Amino acid sequence: MKIAVASGKGGTGKTFVAVNLFHSLKNKGKCVALADCDVEVPNALAFFEADLCNEIEVTEFRPIIHNDQCVFCGKCVEYCEYHAIFYMPSSRYIRLLNDLCHGCAACSAACESGAIENSSTVVGTVSSYKYQNSVCLAEGRMTTGHPSPVPLIKATMKNAFQDQSEYELYDSPPGTSCPFIQTVAKSDFVILVTEPTPFGLSDLKQAIDTLLTMGKAFGVVINRAGLGDREVYDYLERNGYTLLAEIPFEEEIARLYSEGKVVSEHHEGANRVFHSLADKLIAYGNSSN
């Protein structure tokens, strides 16, 4: 079962939930793996003492356009769906707009004059780690300055684990744009982490609308419960959406987390919350099979 832990906005506690859910499932004897797909700022590995066992470099196609060999037929521009080629035939000038290029290589297939040289750029790395005698932790880490995390997220989800696990957890990038969609698209279930504030509700609505469009099953975890108001609860109840768990707004939880500790290992209340959440996901997985 593939489970994405996501959020409509940053800072809601998405990694906090992913890390502690991983710990709880593991304590229940489940074969579980956790991949940090928040490749621009991965930090899930900071909570575990794990040993690096494999690292792969991920590259993406990038054309080199030779202006002096171009016949300015315009076919590469026609083939490029992302408008990543700046083209001025009247001035006999053409060049790649690197930040818009998605590496699809359509321009290379279109060019018949040999003006496009096939090349690649390093997107980032996918690293796998051994933890408690199994390769069950991984992270994607994007090269600084690369315009899009999507290729690396794909590679992380595909190459992170050599062995099959009963449960694969994906710590998703925040928001509802392409990185979020790429992570949840391959998941069987999505946990949306929010907070009981107006901003939390606004971004939760956007995330839910996106998942409904994609036809994805989901449930909601409210972090920092007691911090704000009841509008998130009213919204969930009004629409019949599942509230999976509430994590209380407590100084002790914040302190443990800020010290880089797996909170459910040291806080009895958090331990109960995450073990209950793990049981609900196990039951969902069993009912879906």
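I began with the sheet: 9 strands form an open sheet, in the order β3-β6-β7-β2-β8-β1-β9-β10-β11, with mixed pairing. I noted β3 and β11 (243–248) as the edge strands, each pairing on one side only. On average, neighbouring strands of this sheet are turned by 20° against each other, direction ignored. The model is a predicted one, so I read local features only where pLDDT is at least 70.

**Overall numbers**

I listed 9 helices and 11 strands for the protein chain. The C-alpha trace spans about 70 × 45 × 40 Å along its principal axes. Of the 289 residues, 50% count as buried. I looked up the accessible surface as well: about 13900 Å², with 47% of that belonging to carbon and sulfur atoms. Among contacts with a separation of 6 or more, 74% come from residues 24 or more positions apart.

**Strand β1 and its partners**

Next I took β1 (residues 2–6). 4 of its 5 residues are buried, so the strand is largely enclosed by the rest of the structure. β1 pairs with β8 in the parallel sense over 4 bridges, and Val 5 stands opposite Asp 171 there. β1 also pairs with β9, again parallel and over 4 bridges. For Ala 6, I found Leu 192 as the bridge partner in β9.

**Ser 7**

I followed the chain out of the strand to Ser 7, in the loop between β1 and α1. Is Ser 7 buried or exposed? Ser 7 counts as buried because its relative accessible area is 1%, against a cut-off of under 20%. Its side chain reaches the backbone oxygen of Lys 9 at 2.7 Å. I also checked Ser 7 against Leu 192: they are 185 residues apart in sequence, and their C-alpha atoms are 5.1 Å apart in space. Beyond its neighbours within four places in sequence, Ser 7 is in contact with Thr 12, Lys 14, Pro 174, Gly 175, Phe 180, Leu 192 and Val 193.

**Helix α1**

I then read α1 (residues 14–27). The helix has 14 residues and reaches 20 Å from first C-alpha to last, close to the 20 Å expected at 1.5 Å a residue. With 13 of those 14 residues buried, α1 is largely enclosed by the rest of the structure. Just after the helix, Gly 29 takes a positive phi of about 85°.

**Glu 168 in β8**

I placed Glu 168 in strand β8 (residues 167–171). Glu 168 is buried, as its relative accessible area is 8%. I found a polar contact of 3.3 Å between the side chains of Glu 168 and Lys 2. Lys 2 is also among the residues that Glu 168 contacts, together with Met 1, Ile 3, Ala 33 and Phe 161, leaving aside neighbours within four places in sequence.

**β2 and β7**

I counted 3 bridges joining β2 (residues 32–36) to β7 (residues 134–142), and the two strands run parallel. Asp 36 has Glu 139 as its bridge partner in β7.

What does Arg 62 touch, not counting residues up to four places away in sequence? I listed Leu 96, Asn 98, Cys 101, His 102, Gly 103, Glu 117, Asn 118, Ser 119, Ser 120, Thr 121, His 146 and Pro 147.

**Helices α6 and α7**

I finished on the other side of the order. α6 (residues 198–214) has 17 residues and reaches 25 Å from first C-alpha to last, close to the expected 24 Å. Its buried residues are Gly 200, Leu 201, Asp 203, Leu 204, Ala 207, Ile 208, Thr 210 and Leu 211. They pack against α5 (178–185), β9, β10 and α7. An α-helix has 3.6 residues a turn, so residues three or four places apart point the same way. Gly 215 follows α6, with a positive phi near 75°.

Note on methods
Residues numbered from 1 in each chain as written. Predicted model: local features only at pLDDT ≥ 70, side-chain atom pairs only at ≥ 80, totals over all residues. Heavy atoms only, no water. Contact = heavy atoms within 4.5 Å. Pairing = 2+ DSSP bridges. Axes fitted to C-alpha atoms, helices over the stretch in contact; angles between N-to-C directions. Buried < 20%, exposed > 50% of the residue type's maximum accessible area, 1.4 Å probe, protein only. Areas by Shrake-Rupley, 256 points an atom, 1.4 Å probe, with all protein chains shown as cover. Expected span 1.5 Å × (residues − 1). Polar contact = N/O pair within 3.5 Å; in protein donor to acceptor, adjacent residues only side chain to side chain.
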